[in-house]
Amino acid sequence: MLKIGSHVSMSGKEMFLASAKEAASYAANTFMVYTGAPQNTRRKDIADLNIEAARAFMVEHEIKDFVVHSPYIINLANSINPDTFEIAVRFLGIEMERTAAMGSNLLILHPGSHVGAGVEVGIRKIAEGLNEVLAANKDCCIALETMSGKGNEIGRSFEELAQIYDSVVHNDRLRVCFDTCHVHDAGYDIVHDLDGVLHQFDRLIGKDQIAVFHINDSKNPCGASKDRHENAGFGYIGFDALSAVVHHSDYANIPKILETPYIPLPENPKKSFAPYKYEIKMFRENKFNPNLKEEILVMGRL
């Protein structure tokens, strides 16, 4: 069975239960969530996340599993500011504990930005931080996300991810989150040569290391290094290429997570609607709907 879902929020009195309910409203059978705001380190106590009720709801609604994304503020690659690195290591350890307590064993991590110090220096710092957190926490794997190549971020190539793997002692607890928009924007031609790209990944890291996919179209051409997500089928990757990833036989049991943009009302751009229920339906039926955005707006206005 196709395992597909989207990013969902966690807020209000129901917290994690609200996340599971949002996923169910999209007819998803998996989802991705942050344990708190991705822009800061403020976190509710684990006891306040309503985990037991959420897990019971997931069983009742056949939501098989979920993954957690670490906050953007974690930057293990920073060798310029020791405080930034120390905060990143400490908070990543906390997020791993929270991920395991919620019932997932997979925490997605942006490898980080070398902030001008260079890729090699950044990779050494990432490995240093991962060695520390993985030695202390054995209940959670870290999934390094493939990145688009903007700025000084690390992880724009499979070679850079492989270098991190080679530098980490407990790399048996490393995995990869394969983001279609990021890989495309980094210059990998998944539109015309998906199997070739996956073969290259397999040769350098191992295809079994992909633990989750982010399914995003791109607003930019291949190699643009921009990282701007587009709705499925409306960007430079296109629905057919994304569907080939979603339905690839080698990854049938791997979660596919949508992070595509909400659809804004033309007359009121501050109001927008989640596309996930409709995009999930498209992928399940393997049929592109060119009127998707218009139909979402019609439903939103009702």
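In the predicted model, the axes of helix H5 (residues 158-167) and helix H7 (residues 194-204) come within 10 Å and cross at roughly 20°. Because angles under 35 degrees count as roughly parallel, H5 is described as roughly parallel to H7. The crossing in which H5 passes H7 is right-handed. On the side of H5, the contact is made by Phe158, Glu159 and Ala162, and on the side of H7 by Val197, Gln200, Phe201 and Leu204. By residue class, this contact of H5 with H7 consists of five nonpolar residues, one polar residue and one charged residue. In general, a pair of packed helices is described by two quantities, namely the angle between their axes and the distance between the axes.

The helix pair belongs to a chain whose secondary structure comprises ten helices and twelve strands. The overall dimensions of the chain were examined next. Along its principal axes, the C-alpha trace spans about 50 × 45 × 40 Å.

Of the 302 residues of the chain, 53% count as buried, a residue being classed as buried when its relative accessible area is under 20%. Among the contacts in the chain with a separation of 6 or more, 75% are accounted for by residues 24 or more positions apart.

Methods: Residues numbered from 1 in each chain as written. Predicted model: local features only at pLDDT ≥ 70, side-chain atom pairs only at ≥ 80, totals over all residues. Heavy atoms only, no water. Axes fitted to C-alpha atoms, helices over the stretch in contact; angles between N-to-C directions. Helix = DSSP H or I, 4+ residues; strand = E, 2+ residues; numbered from the N terminus. Parallel < 35°, antiparallel > 145°, perpendicular 65-115°, else oblique. Left-handed = near helix turned anticlockwise from the far one by under 90°. Contact = heavy atoms within 4.5 Å. Nonpolar A, V, L, I, M, F, W, Y, C, P; charged D, E, K, R; others polar. Buried < 20%, exposed > 50% of the residue type's maximum accessible area, 1.4 Å probe, protein only.
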